[in-house]
Amino acid sequence: MEIAVISGKGGTGKSSITAALATLAKSAVLADCDVDAANMHLIMNPDIRESFVYIAGEKAVIDYAKCRSCGLCQDYCRFDAIRFGEGKYEIDEVSCDGCKLCSRICPAGAITMHKNDKSRMHTGIYRYGHMVFGRLEPGEENSGKLVAMVRSKAREMSEKSGINTILIDSPPGIGCAVISSVTGVDRIFIVTEPSLSAFSDLKRTIELIDLLGTRMSVIINKYDLAPHVSDIIEEYCREKGVEISGKLPFDEEFVHSMVQCKSIIETKPDSEAGIVLSEIWKKLLNEKIRKQISTIN
Ligand code: SF4
Ligand code: SF4
């Protein structure tokens with residue numbers, strides 16, 4: 001069973017909640033697909049077993065021994081990635097889209113394309129099973145492809161180890177990397193918080209998951225910080241027929257547990273948030289059992 005934990009915006013507590021669910025699962029393959037800001041390994045502290053290079057496109061590089069400073073490359077770069085400074089034309093790695101145009105038009109043949117090989121995917125063993133996570137270098141692209149690579153590795157680990165539960169910590173937002181992280185999963189938890197921006201993002205996230213047709217429910221984190229906004233979110237979900245799996249109060253223990261590289265279930269399972277998360281996990285297990293029975297029948 002593949003379960004994805006997503007959120008329309010960052011900072012809702014999605015990763016802390018995923019870590020708590022992994023603890024409750026007791027045995028799970030954990031896939032950190034938040035490749036732009038992977039942090040699950042900081043909580044779960046895996047023993048890294050393998051690292052793979054991920055080629056995230058190409059970047060243009062100027063050979064100054066050949067460059068005649070004609071400026072043609074700057075004129076034609078529509079990504080504004082080439083600037084003149086300190087007596088020479090320079091390519092800004094972050095802005096370069098890798099379109100190759102400059103390398104084709106340079107009259108001196110001074111520009112070549114180099115592979116972006118700084119991004120990585122790591123696999124390892126953590127205290128509840130196997131873990132895989134991707135780390136995209138700042139400014140590098142194709143995050144959706146790296147997410148697909150992480151998911152494929154997670155499935156392979158699940159098959160080899162016999163651990164059937166795959167928990168996915170998805171990137172925030174509703175872009176291509178998110179779609180790549182949730183396509184084909186069995187179940188989605190959307191984590192939100194009671195703020196107007198989070199509510200707006202939640203609406204777009206629900207619309208997206210609706211299109212995919214995957215079973216989803218919402219977890220409202222820190223609901224007590226703005227109870228009236230939580231009520232609005234609940235009302236909206238009721239209208240849309242989306243279940244609220246649970247409401248967690250603001251709890252500083254989430255931060256304390258993270259500092260100790262632990263989940264809240266490991267440090268304070270009897271906290272209100274811990275109890276709600278345990279209930280959410282129990283409900284999920286019941287769903288799974290019901291699904292298995294209906295498949296047999
Ligand atoms: S087009 Fe080629 S020769 Fe002209 S400035 Fe750019 S790198 Fe140098
Ligand atoms: S590869 Fe494309 S984006 Fe990059 S510097 Fe050359 S023209 Fe600009």
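This is a predicted model: local features need pLDDT of at least 70, side-chain atom pairs count only at pLDDT 80 or more; totals for chains, interfaces and linings use all residues.
Residues are numbered from 1 along each chain as its sequence is written, and chains are lettered from A and ligands numbered from 1 in the order in which they are written. Local features need pLDDT of at least 70, side-chain atom pairs count only at pLDDT 80 or more, and totals for chains, interfaces and linings use all residues.

**Domains.** Select 2-55 + 119-296 for domain 1, then 58-115 for domain 2. These bounds come from an automatic or database domain assignment. The two centres, taken over C-alpha atoms, lie 41 Å apart.

**Helix α1.** Select residues 14-25. Helices here are DSSP runs (H or I, at least four residues), numbered from the N terminus. The expected span is 1.5 Å times one less than the number of residues. For these 12 residues that gives 16 Å, and the end C-alpha atoms are 16 Å apart, which agrees. Is α1 enclosed or open? 12 of its 12 residues are buried, so α1 is largely enclosed by the rest of the structure. Buried means 20 or more other C-beta atoms within 10 Å of a residue's own, with C-beta atoms placed from the backbone. Click through them, including Lys14, Ile17 and Leu24. Then step to Lys26, which follows α1 and has a positive phi, near 65°.

**Ligand 1.** Select its shell of 13 residues; the closest are Cys67, Cys70, Leu72, Cys73 and Cys106. A residue counts if its C-beta atom, placed from the backbone, lies within 6 Å. Colour by class: 10 nonpolar, two polar and one charged. Nonpolar covers Ala, Val, Leu, Ile, Met, Phe, Trp, Tyr, Cys and Pro; charged covers Asp, Glu, Lys and Arg; the others, Gly among them, are polar.

**Ligand 2.** Of 13 residues around ligand 2, Ala60, Cys77, Cys96, Cys99 and Cys102 come nearest. This shell has 10 nonpolar, one polar and two charged residues.

Methods
Helices (H or I, at least four residues) and strands (E, at least two) are DSSP runs, numbered from the N terminus.
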